[in-house]
Amino acid sequence: MPKDTPYLRFQRNLRATMDVLKLSKPECELLNQPQRIHQKDISVTMDDGKRATFPAYRVQFNNARGPYKGGIRYHPLADEDEVKALAALMAIKTAVVGIPMGGAKGGIAFDPKKVSKKEIQAISRAYARAFSAYLGADIDIPAPDVNTNPGIMAWMRDEYEKVTGTYAPAMITGKPIGYGGSQGRDTATARGAFFLLEELVEGEALDPEHLRVVIQGFGNAGSNMAHFLHDAGFTVVAVSDSQGGIYSPEGVDPVRIEKYKKRTGSVTGEYCEGSVCDIGKMKMDGVRHVSNEELLELPCDILIPAALDTVITNKNAAKIKARYILELANGPTTPEADAILRKRRVKVIPDVLANAGGVTVSYFEWVQGRSGEQWTAERVDRELRRVMLTAYKDVRREVHRGKVTFRQAAFIVGVRRIVEAMRVRGWV
Ligand code: NAD
C-alpha cells in the first residue's frame, strides 16, 4: 500500500469529487497533477562566511481560472509532496470563494528559528531570484504562509523588482501596509472564518454565549480568531502553541495570553517555564496545562485547529467532543478521520472554505496593487464578508443538494468551477 502523504490524501478527496461530477478522462488527468513543479537548490552565504544550500519549491497547480496564487512556507519538513498538496488546495480554495485566481504554493526546507534575521533575508532574496522567471502579477503571485511574514514579502518584492527591472507591487501579497500591503490582510484568515462561524451559529439557532471553543495554535490565524470570538461573547476555553496549552472550563482571556506569549514566547508563559508549571497559581486561576493531543479531545462545542496538518486522525476522531470543527489550518483532518466524524455527525467546515479569508484579502491587495487604489479597512471587511458568505451559501446549497459533507460539497463547488474554466478555454 502506498505511504499516506498529504498529496495522496488530496487525491483521495479529488477522486471522490471527480466521480460525483462524472468528469472525462482528460479532465481527471489534468486535475490529478500540478501543471508545473519547480525545484531549485538555493545557495546563500551564512553569517559565518560559509555557503549553505536549501531545497526550494514552487508548485503551480492550476491556472485555468487566473494566475497562480499561494503562499511560501519556511519549514524544515517542507518537501515536494507537501507543497504539491498545498498548491492543489489553493486551486480549490480560490475557486470555492470565486476569485479569479488559480492555485500554487512554495516552500523552502530549513528551520527559520535556527538562522539569523540577516540569513533569512538572504534566503528570501535568493528564493525570489531563483524563481523570478515563474512569478509575476499576471503569472504567479506568492504570499506569506507558515513562518513567513510581511517583512519577507517586502524583501521578495524588492529583489524581484531589481532582477526584472520593473515596478511590481502586485507580484506578491501580504506586504507591509507602507509597501503595497492591504488593510486587513494580517487578520483576514481569522476574520473570514469568524464571518462563517457567525453565519453557522445563526443558522443553527445557537447562542455564542453558550458556545465553548478550543483553538490549537496561537499564531496569526489562531490568536486573531481567539480575539474575534472572545469579543463576540464566545467562551474560548483552551488555546495552545507548540509548547502545549492552557484550559479553563470558565474561559481563558486571549488578551492576557497574548501579553504573556509576547513576554515569554509561550501561551502557557503566565504559569509555566518550559515543562515546569506553577500548579498553585494555576489552581487559583482555575486553569490547567494540557498537551496538544489532550487539547483536541477537551469538552467543547467548536474545535478550531489553527496550527498543523494531520492532527485529527483515525486515532482521535472518535474521542473529539466538539460538534463543529472549523479548519483554520490547512489539511488538519485525514480522510479516515473525516469518515468517523461524519458518522458521528460532527460538522467539519473544511480548510478550503474556512481559511479562505487570507487568500481573499490577498486578492483585494492584488487588485489594489494593479489599480493603484487604496481601500479602507471598512471596505476590505465588507467585501471579505460578502465573498465568504457567498461561498458559504454556495457550499451549503451543495451539502443539501447532494447530501454530502461540507468538505465534499466545497470540493464539488471548487472542482466544478475549475473544470468549467478548462472547458471554456478548450483545454479539455
Ligand atoms: P503561524 O506560524 O503564525 O502560527 C502557527 C502556530 O501554531 C504557532 O502558535 C505555533 O506555536 C503553533 N504550533 C506549531 N507547532 C505546533 C504543535 N505541534 N502543536 C500546536 N501548535 C503548534 O502560522 P499561521 O499563519 O497562523 O498558520 C497556521 C495554519 O493556518 C497553517 O496550517 C496555515 O497553512 C494555515 N493558514 C494560515 C493562513 C494565514 O493567512 N495566516 C491562511 C490560510 C491558512
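Thr310 counts as partly exposed at 29% relative accessibility, where buried means under 20% relative accessible area, exposed over 50% and partly exposed in between (1.4 Å probe, protein chains only). Thr310 is placed in the loop between strand 12 (302-305) and strand 13 (324-326); helices (H or I, at least four residues) and strands (E, at least two) are DSSP runs, numbered from the N terminus. The model is predicted, with local features requiring pLDDT of at least 70 and side-chain atom pairs counting only at pLDDT 80 or more, whereas totals for chains, interfaces and linings use all residues. Residues are numbered from 1 along each chain as its sequence is written, and side-chain values use heavy atoms, with hydrogens and water left out.

**Backbone phi values**

- Most residues other than glycine have a negative phi.
- Thr310, which is not a glycine, has a positive phi of about 55°.
- Arg345, also a residue other than glycine, has a positive phi near 60°.
- Arg345 lies in the loop between helix 11 (335-343) and strand 14 (347-349), and at 75% relative accessibility Arg345 counts as exposed.

**Domains**

- The domain assignment gives domain 1 (37-168) and domain 2 (188-354); such bounds come from an automatic or database domain assignment.
- The centres of domain 1 and domain 2, taken over C-alpha atoms, are separated by 29 Å.
- Eight residues of domain 1 are in contact with six residues of domain 2, contact meaning heavy atoms within 4.5 Å.

**Ligand site**

- The ligand lies between domain 1 (37-168) and domain 2 (188-354), because both give residues to the shell around it.
- There are 22 residues around the ligand, and Thr189, Phe218, Asn220, Ala221 and Asn330 come nearest; a residue is near a molecule or strand if one of its heavy atoms lies within 4 Å of it.
- The shell residues comprise eight nonpolar, 10 polar and four charged. In this grouping Ala, Val, Leu, Ile, Met, Phe, Trp, Tyr, Cys and Pro count as nonpolar, Asp, Glu, Lys and Arg as charged, and the others, Gly among them, as polar.
- In the side chain of Asp145, an N or O atom is 3.2 Å from an oxygen atom of the ligand.
- Ser242 has a backbone N or O atom 3.1 Å from an oxygen atom of the ligand.
- For Asn330, an N or O atom of the side chain is 2.9 Å from an oxygen atom of the ligand.
- On its own the ligand has 820 Å² of accessible area, of which the protein covers 81%. Accessible areas come from the Shrake-Rupley method with a 1.4 Å probe; for residues, only the protein chains shown count as cover.

**Leu89 and Asp351**

- Leu89 is found in helix 3 (residues 80-96) and is buried, with a relative accessible area of 11%.
- Not counting residues up to four places away in sequence, Leu89 touches Phe10, Gly331, Asp351, Val352 and Phe411.
- Leu89 and Phe10 are 79 residues apart in sequence, with 7.7 Å between them in space, C-alpha to C-alpha.
- Asp351 lies in helix 12 (residues 351-354) and counts as buried at 2% relative accessibility.
- The side chain of Asp351 reaches the backbone nitrogen of Gly331 at 2.7 Å.
- Leaving aside neighbours within four places in sequence, the residues in contact with Asp351 include Leu89, Lys93, Asn330, Gly331 and Arg407.

**Thr5**

- Thr5 lies in the segment before helix 1 (6-21) and counts as buried at 14% relative accessibility.
- The side chain of Thr5 makes a polar contact with the side chain of Asp81 (3.0 Å). A polar contact is a pair of N or O atoms within 3.5 Å; within protein, one must be able to donate a hydrogen and the other to accept it, and residues adjacent in sequence count only if both atoms are side-chain atoms.

- Tyr247 lies in strand 8 (residues 244-247) and counts as buried at 10% relative accessibility.
- Beyond residues up to four places away in sequence, Tyr247 touches Val237, Ala238, Gly286, Val287, Arg288, Val290, Leu298 and Pro299.
- Tyr247 and Gly286 are 39 residues apart in sequence and 8.5 Å apart in space, C-alpha to C-alpha.
- Asp278 is found in the loop between strand 10 (276-277) and helix 9 (279-285) and is partly exposed, with a relative accessible area of 40%.
- From Asp278 to Arg288 the separation is 10 residues in sequence and 10.0 Å in space, C-alpha to C-alpha.
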